[in-house]
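Colleague: I am new to this structure and would like to learn how to read it. Could we go through it feature by feature?

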Amino acid sequence: MKKYILMFLAGCMAFAQTWAQQTISGKITASDTQHPIPGASVRVKGTNRGTKTDNMGAFAISVGHADTLAVSFVGYNTQFFAPPFSAVLNITMQLSDAKLEEVVVSTGYQTLPKERVVGSFTVVDQQLLNRSVSTNLLDRLRDVVPGFSFNNVGSSSMSIRGQSTIYGNAEPLIVLDNFPFEGSMQDINPNDVESITILRDAAAASIWGARAGNGVIVITTKKGKLNQALQVSLNSNFTMVDVPDLYAGNKLSASDYIDIEKKLFSQGYYDASQATGYEALTPVVEMLYKKKADPSLATEVDAEMERLKGLDVRRDFSRYIYRKGINQQQALNLKGGGGKNSYYLSLGYDHNRGDMVGNELSRVSVAGNNTFKFLKDRLELATAGNFSVHTTVNNAVGTNLSNASAGGVIYPYAQLADEQGNHLPIIKNYRSSFISQASSNGLLDWSYVPLDEPDLVDMSTKRRTARLSGSLAYHLWKGLKASVRYQFINMETTGRNERSLESYYSRDLINRFTQVSGTTLVRPVPLGGILDFSQQSMTDHGFRTQLDFNRNWKEKHELTAMAGIEIRSTRTESANHRYYGYDSEYAQNTFVDYTNNALPFYYDSSRKGQIPFADALGLYNDRFRSYYANISYGFLSRYIFNASARLDQSNLFGVKTNQKGVPLWSMGIAWNVDKENFYFLKSVLPYLKVRTTYGYNGNVDKTVSAYTTAAFAGNRYNMPYATIINPPNPNLKWERVAIWNVGLDFGFKGNRISGSAEYYHKKGMDLIGDMPMPASSGVLQYRGNIASTTGSGIELAIRTQNLQGKLKWQSDFVFANQKENITDYFVTATSSQYLQSGLYLPLKGKPLYSLYSYSWAGLDPDTGDPQGYLNGVASKDYTAIIREYTPEKLIFNGSIRPTTFGSLRNTISYGDISFSFNIAYRLGYVFRKNALVYGANLGLLSNNGDYAVRWQNPGDEVHTQVPSVPAAANNNRDMFYRYSDVLVDKADNIRLQDIRFDYMLSDRNWLPFQQVQFYVYSANLGILWKRTRFDVDPDIQYGNYPVSIAFGIKVNFK
Amino acid sequence: MKTIKIVIILCLFFATVLSCQKGFLEVKPDQHLLVPKKLSDLQAILNNTIMNYGPGYHIISADDYQVYTTSALTALGSAVARNAYLWKKDLYENIATMGDWDRPYQQIFYTNVVLDELKNIERTAVNAPDYDNTKGYALFFRSMAFYQLAISFAAGYNKETAQQVPGIPLKLSSDINEQLKRHTLKETYAQILADLGIAKTLISNDVETQPVKPSRIAVDALLARIYLSMGDYESALSYSNKCILSKPMLLDFNVLSKTSTRPITFNQALSTEVIFWQWMNDYQFAASSSTSVAAEIVTSYNANDLRKTIFLRDRNNGVFTFKGNYTGDSFIFTGLATDEMYLIRAECYARDGKVTEAMRDLNSLMLKRWNNTVSYPEITAANTEEALTKILAERRKELITRGTRWADLKRLNQETRYAVTLKRVLDGVEYALPPNDARYVFPFPQTEIDRNGFPQNGR
């Protein structure tokens, strides 16, 4: 009945308005995704009549003959349709040119549309984040952000625009949901993340003040939206990680190893060890002694040694120690919202089976958040809770298994298991004859069976994290909002290293201290397992109160301003305790006597020791109080001016510095050129923006203190005495980095080519460094704010739409080039320190991470000795050559971190199928190949496969640069070769970083889901090109990056 | 109405944040850090071994030692020692700095940390003894360091010129960034004497059984030594007198083993003569078997003077090394002891015309150094002049390597009758150091000149 009345009424109205009304229906799809667009607006132009598309993108509307239809959806060009209309109107929406601008960047304090941005931001959206498959969120930033890199060397695992500190914390600041994140990244489920914004320059980051010097990574997690139907999504994948290439390491072959052992044996190298009766000797050395004692065994022994030459322990490693890693990840999330509240809930489960037997990792995470609006939407309350349990088990034995004669390097002919797979003992710390004699004296079996170990120990760490937050925002007045926000994190970590009585570690320690008198055994280390138990508790409070103001006047002036105060306090308490004689069944332990420091060792009673004491306590407090403000003014949306300032105070520096309070600030302007009336390239280049910023970011070095610090050093005449470690330094302050940034954003018609280019120049000031002091000050060297650095660089991010239509091809090109130098530094180390320091030592005028070397003059054609230059002439006087090299005279080979790097990512899609691959390049850096160092053992400890290609006969120098075996051990000869430039080469390389294949089905009638996506992702596919002449991967000389392949499915429910 | 309520709530929030956080930023970042705050912390700082080291290069520059060969010169161990021995104008040869400068300033730094921190501790009835002692110790150590710097790096004291002559930089705060200036010699000594005066009122122990720590008589002994070097014989007499009244003991050399290479044990010295413990910075020349006691000292001992066998070790190649350390080992004792006090008092009596008293003191000492199986020939003097000559001769023979000779030379060279030109001959080359030569003052390390702009000592 109702229906008829409505029809009647509608009919009357239609009649009244026009002569003929028509109902048209249709479906709206997006040109880029080919998916229907729900919620698109279809309205009659000039009226308020209209409708929205349903979840399937369908609509129906009645129109008159004179009406014009306007179809619009955010991010797409609005289309107009004039009569006559067909009954079915299927519309494909084209991406609007403004789509690029619509990206929202988050600084952790506010979100702003990209067109209002003046600083250097890079937003990594969900699509790009989900392109890669990983347990750890940050791994997904690899090779997609210009200027962001993971480091193989140095004091930080990752960098944004290089490093602007020397001894300070060099890691970028990570901000998670508006607060600096003090927890562990491993606890974050990547599936909960909406987007990541990288803040690179002063304007972007200075709002983070004293901790923004290394750039900021702002992570925003998913939230529900108002007026959004429930969305349920399930993501499940599993990844297989290959066994690493054990042969990539270039080690000595069993044959060479045995030959060296024989030579060393003939020189009496092992006689001292052999004389002790207990020191470990490898099976070959044992046989050589056997043969020496009884020459009639010669044939038998020689035959056995020949057999051993055919063995390779790496075969056993790959069969028994390593295995394919298998990572599983499941994530379920729900989100939605009504008119007054929105919600998000997620569950995540990860389980990784490590690539070594005995290692695994798991993570369970629960996240939820809610937003409520009250008081006519003027009051907004948001709450969030995140919980995770992260467990790692590290029971694997590793590959450094033996101490027999070769410093932890296992002899290459070791056998871990026999043909039937039965586990075999290997020689570790003691001779086999000594072990059997000890057993007959009643000691515990002292043999070491590596493959048994994973089952005999429980080495695990469990971390429980709770992160709770709440915020309250109230709209006070037109555009003025006040808010308070609080976050609490509690992270409880328990580590448990339990070695059962059967484990080698426990048996060894018990035996070592066992004393035998007659038939009775005294065991200072009691029988039982050994449990190392550690607990760490971190509590973090963050509190912020902020005023926001945001208003437009006459469409001309736009003002956004905010100011606030933030307080943070992080307290970390830790305790480690060791329990001896541990019995896991009854959780019992026994006391030991730690005070006796003269307990004789079983194997040599003249040597004495103390039962290892491993208890420790720690308490750390980090406190910050900060004041900040930011103002942004836009005129006609063309000119945007931005300024921000922040003042930080902390408990690191003491009252004096806090009182002085040097604020960190920034200023920037942007010009949206395309909005100018005179702009004449609108048809070709519809989006053009230039921007520049200048300002300061800060950084922290926790190793220094403003207070006088001292340590008790001992007792003298029964009086305790203390030594002053750190002089009082009331002038200590934050390190500062001044950054000037210029950026250009552009988009050609239809976004065929779009992107941004940046140039920056930065100056690290007041950096913490060492300075010699006049002795009259009281100290000779002093660590304070004295060093400075400069750096500059270019970054590009360009996207091209090479093909549009059914077959699409998009390329993303990321490029960064950076230069860095230390400009002020006052302590020069010695040449050998610059050469040997595996990490970094500052030298004025050079990059922090630099490689230096001696000049190489080739091998002596008669002896195969390495040669250097002394007064311009080839020489073998290594002592004199080395002495001649002052730090200034060393060859500077270049940076050991890439100076140019980036990637090229191509995405090709056809209908439901898409395929993409990412090629990463790292250029402009050098590496030093691992050298064969002969030492006093003919190169045995060095365990370097170059031994096989060493100089042996005159003429060899034509095809090898590896020196001959020296007549006598010569450290300076080794030192010279090891650090000569013959082993240095360019590390430049290009890799196929990953590929991804996607098949997406959506809105098929037969499908019970809205959308199903199948994907395959494979990473570390290998080197495509490398510059070096050496047959190694310049980034990882002792191995390789194992290939991984992941299979996954993602389902969105209706 | 609601709006107002919420505004009030927000204001309260801001107010809370701003007000209730007193002390919030004062918590220690790492609980393991020892930030010296308590009296016991400060005492521990002053107990540090570094507080008991003294300078040594002026000892090798003076005429206690002699080397005969180039290899013996090399065995002095460092360029600074060799250049100090030969009175070279360039002491450092580009070596940035040296222990005789660094160590005292490190001691001064420690004492300044203590003195600055003491200002933050309230002196109460309960902690007063500890508080006062700590402050007194710090002032004593600092004065000792200032004085020893002045011996090496400033001219000898002369009250007529002290106002114009440069002294040393007086570092009086623990702020390492403080800009220092070079004070005059008068200011330098005034600071030292004033601080010692205060120290005496604060230190509670008259005599210290563990003389690594200062005591009231250590203050007197140091004052006696300083006043003597300033030529203020009246004050030197008064302080050495106080010292001897409290601690008159002398070590009888007859109880010592003459053949031992370490004839004086640590405890023997400690229980008798040692007033304040200090040893010379560990320089190689002291341990060298070719660094000889100067020939003129070696030949000056009477056959029955036990010091000949207790002090000297005949290396049978013309070299006589010194073995009479009060440390009981090869380290050289440069602290304060009663024998020096007797010699100071004797000299001061003599200069005052009190020949009898002077000779009584000299004989008190010499009796303990004389072989008691042979009758002791009493030393006598007919007049002041003769008394002084005899006392100064014994002073030189007694205080070998004790770190007093350089100051004595600077003081005595101001009197024409006792002025000497020091001479060395090595490889046929003769080196001479005339009285009051500019080379009696060591140059400052170059870093000090570069960084602080101090006027350098002409040399």
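This is a predicted model: local features need pLDDT of at least 70, side-chain atom pairs count only at pLDDT 80 or more; totals for chains, interfaces and linings use all residues.

Colleague: How many bridges hold strand 10 of chain A to strand 15 of chain A, and in what sense do they pair?

Modeller: There are four bridges between strand 10 and strand 15 (residues 193-199) of chain A, in the antiparallel sense. For one position to look at, find A:T122, which stands opposite A:I198 in strand 15 of chain A.

Colleague: Now strand 1 of chain A. Does it run parallel or antiparallel to strand 4 of chain A?

Modeller: Antiparallel: seven bridges join strand 1 (residues 21-30) to strand 4 (residues 58-64) of chain A. A:Q21 has A:G64 in strand 4 of chain A as its bridge partner. With strand 7 (residues 91-93) of chain A, strand 1 of chain A runs parallel, over three bridges. There, A:A30 stands opposite A:M93.

Colleague: Next, the two chains. How many residues of chain A are in contact with chain B?

Modeller: For an interface, take residues, then area, then kinds of contact. 56 residues of chain A are in contact with 53 of chain B. The area buried between chain A and chain B is about 5100 Å², and carbon and sulfur atoms give 67% of that area. A:R716, A:I724 and A:S776 supply 12% of the area that chain A buries against chain B, more than any other three residues.

Colleague: Which strands pair with strand 31 of chain A?

Modeller: Among them are strand 27 (residues 557-583) of chain A, antiparallel over 20 bridges, and strand 32 (residues 639-650) of chain A, antiparallel over 12 bridges. A:S574 stands opposite A:G618 in strand 31 of chain A, while A:F624 has A:S650 in strand 32 of chain A as its bridge partner. The hairpin of strand 31 and strand 32 of chain A has three residues between the strands, and A:L636 takes a positive phi near 55° in this hairpin.

Colleague: And side-chain pairs? Why is the pair of A:Y999 and A:F1014 called stacked?

Modeller: A pair of aromatic rings is described by the distance of the centres and the angle of the planes. A search of the whole structure finds 71 aromatic pairs over all chains. The rings of A:Y999 and A:F1014 have centres 6.5 Å apart and planes at 20°, so this pair is stacked.

Colleague: Last, charged pairs. How many salt bridges are there over all chains?

Modeller: Side chains of opposite charge can pair when their charged atoms come close. The whole structure holds 80 salt bridges over all chains. One of them joins the side chains of A:K309 and A:E306 (3.5 Å, N to O). A:K309 and A:E306 are three residues apart in helix 7 (residues 298-309) of chain A, so about one helical turn separates them.

Terms used: Residues are numbered from 1 along each chain as its sequence is written. Chains are lettered from A and ligands numbered from 1 in the order in which they are written. Side-chain values use heavy atoms; hydrogens and water are left out. Two strands pair if DSSP finds at least two bridges between them. Helices (H or I, at least four residues) and strands (E, at least two) are DSSP runs, numbered from the N terminus. Contact means heavy atoms within 4.5 Å. Buried area is the accessible area (1.4 Å probe) that two parts lose on being put together, summed over both. Rings of Phe, Tyr and Trp (its six-membered ring) pair if their centres lie within 6.5 Å; planes under 30 degrees apart count as stacked, over 60 as edge-to-face and the rest as tilted. A salt bridge is a side-chain nitrogen of Lys or Arg within 4 Å of a carboxyl oxygen of Asp or Glu.
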